[in-house]
Structures are given as C-alpha cells and as structure tokens.
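Please read the following model with me, one feature at a time.

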Amino acid sequence: VFTALSAAAPLWEGRDTGLKSIRPILLDRYPRCGIPEPIESAASHLAWLDTLDRLQVTGPQGVGSVWGHVRWHRTYPTIEVRVFDAQPDLGAVSLLARLCEAAGRMAQAMDLPTYFAAVQQPGPTATPLLRENQLLATQQGVSAPLLHWSAQRRESVLDQARRLLGDDADSEEAALLEAIRYAPNRATLHRDQRLMPKRQQAWGS
C-alpha cells in the first residue's frame with residue numbers, strides 16, 4: 001500500500017522505466033535492503049543487530065547500514081518505515097504519515113501469531129506475498145490490484161488504505177485519499193553543482 005501510494009520515481013539514469021517507481025526494485029539489489037524477513041520479536045531482532053555490530057560485518061556504518069523498508073531503531077523506541085518515494089505534496093506526506101500511524105496501532109492491537117498462521121494457510125507465506133504486491137505497486141502505482149493477505153482475492157490500494165485509516169479518518173484525510181492519482185511530474189536533469197545539496201552524500205537521492 002505504501003509503495004503504491006507514494007510511487008513517484010519512474011526515471012533511472014535519465015530514462016523512463018515504464019514503472020510507477022523503480023526505487024524498490026533498485027533497493028532489492030542491495031543486501032539488508034527492501035522487504036525484511038518476518039521479525040519474531042523485538043528482543044530477537046535487536047539481538048541479531050547486536051551480533052552484526054559485535055562481529056563488525058556491517059562496515060563503518062554499523063547496523064545503520066541495515067536499510068530494510070521497515071526497521072527497528074536501536075536507540076529510540078520507534079519503528080522506521082523507509083519505503084516511500086519523496087513526495088512533492090505536503091498533503092500526501094501527511095496522509096502517508098497518518099497511514100503509518102494507523103498501521104502501527106493495528107499491529108499493536110492484533111494477535112500477531114494467529115495472524116501470521118492465517119497468512120500462511122492457505123497460500124504463500126507473508127514475505128512472498130509482500131514481494132508480489134511490491135512488484136504490482138511499482139508497476140501500477142495507486143491503480144494496482146493488490147493480493148489480499150489471504151491470497152484468495154485481490155483488493156484495491158485505496159480499499160486497503162481505507163481499512164487502515166478505519167473510522168478515525170477525518171474528512172480531509174478521506175478527501176486526500178480519494179484525490180490520490182498517479183500523475184506525471186516534470187524532472188530537470190542537470191550537472192550544475194551549485195544547485196545540488198551541500199551534503200554530497202545526499203546527491204543520490
């Protein structure tokens with residue numbers, strides 16, 4: 001859902017890829033990026049990060065180089081969601097943040113062991129289903145007919161987003177959700193370093 005709603009990166013090396021977003025596909029090429037494996041518990045995940053850090057296998061950045069779409073922060077009691085393309089519209093940013101918050105509350109209220117057992121029977125495990133939905137989202141954006149978690153039917157991106165927001169969605173959020181459509185934006189390619197961010201590490205963004 002997040003990939004589809006935020007899709008805004010169709011260009012790669014100055015060429016139109018024909019996708020709504022190429023970024024998730026590029027991220028999947030790198031280790032420790034993209035869709036993470038299911039996390040059994042906070043304790044087991046943090047212990048794994050400590051192991052990577054202790055054995056110094058992650059390079060100078062340490063576990064900061066674990067760049068999954070979702071990752072547990074070791075310093076702050078937060079979960080970082082890193083799946084989004086940059087958004088040119090503040091209304092879309094606000095809506096995506098609200099959806100993240102709603103997803104967090106939904107996960108907190110769920111019986112996750114029962115949920116994951118249901119995801120796996122019948123149909124694929126959670127990770128292959130998520131990867132298939134990510135592919136659909138990169139190809140079709142907000143118009144993608146995503147696989148329902150039961151793997152028995154398809155469901156639109158907007159229907160899934162509405163379910164996340166639930167009855168708490170205010171009129172502005174509902175209007176923003178209905179207004180989201182994939183639309184072309186003008187991109188200007190240049191080599192003028194005076195127009196680039198001062199931090200060269202940010203140039204790749």
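Q: Which residues of α6 are buried?

A: Buried means under 20% relative accessible area, exposed means over 50%, and partly exposed lies in between (1.4 Å probe, protein chains only). In α6 the buried residues are Ala126, Thr127, Leu129, Asn133, Gln134, Leu136, Ala137 and Thr138. This is a predicted model, in which local features need pLDDT of at least 70 and side-chain atom pairs count only at pLDDT 80 or more, while totals for chains, interfaces and linings use all residues. Residues are numbered from 1 along each chain as its sequence is written, and side-chain values use heavy atoms, with hydrogens and water left out.

Q: How many helices and strands does the chain have?

A: Helices (H or I, at least four residues) and strands (E, at least two) are DSSP runs, numbered from the N terminus. By that assignment the chain has eight helices and eight strands. Of its 205 residues, 30% are buried.

Q: Which residues of α4 are buried?

A: The buried residues of α4 are Ala92, Leu95, Leu96, Arg98, Leu99, Cys100 and Ala102.

Q: Which residues does Val157 touch?

A: Contact means heavy atoms within 4.5 Å. Leaving aside residues up to four places away in sequence, Val157 touches Val1, Ala4, Leu5, Gly141, Val142, Ala144 and Leu146. Over the chain, 54% of the contacts between residues at least 6 apart in sequence join residues at least 24 apart.

Q: How many salt bridges are there?

A: Side chains of opposite charge can pair when their charged atoms come close. A salt bridge is a side-chain nitrogen of Lys or Arg within 4 Å of a carboxyl oxygen of Asp or Glu. By this rule there are six salt bridges. One of them joins Arg194 and Asp192 (2.8 Å, N to O). Arg194 is exposed, at 75% relative accessibility, whereas Asp192 is partly exposed, at 23%.

Q: Where do Arg105 and Glu101 lie?

A: An α-helix has 3.6 residues a turn, so residues three or four places apart point the same way. Arg105 and Glu101 are both in helix α4, four residues apart, about one turn of the helix. Their side chains form a salt bridge (3.4 Å, N to O). Helix α7 holds Arg162 and Asp159, which lie three residues apart, about one turn of the helix; their salt bridge has an N to O distance of 2.5 Å. Arg162 is partly exposed, with a relative accessible area of 34%, and Asp159 is partly exposed at 36%.

Q: Which residues make the nonpolar surface patch?

A: Patches are made of residues with over 30% relative accessible area and no salt bridge: like charges are joined within 9 Å, nonpolar side chains (Val, Leu, Ile, Met, Phe, Trp, Tyr) within 5 Å. Accessible areas come from the Shrake-Rupley method with a 1.4 Å probe; for residues, only the protein chains shown count as cover. Val70, Ile79 and Val81 make a nonpolar patch of about 210 Å². Val70 lies in strand β5 (residues 70-72) and is partly exposed, with a relative accessible area of 36%.
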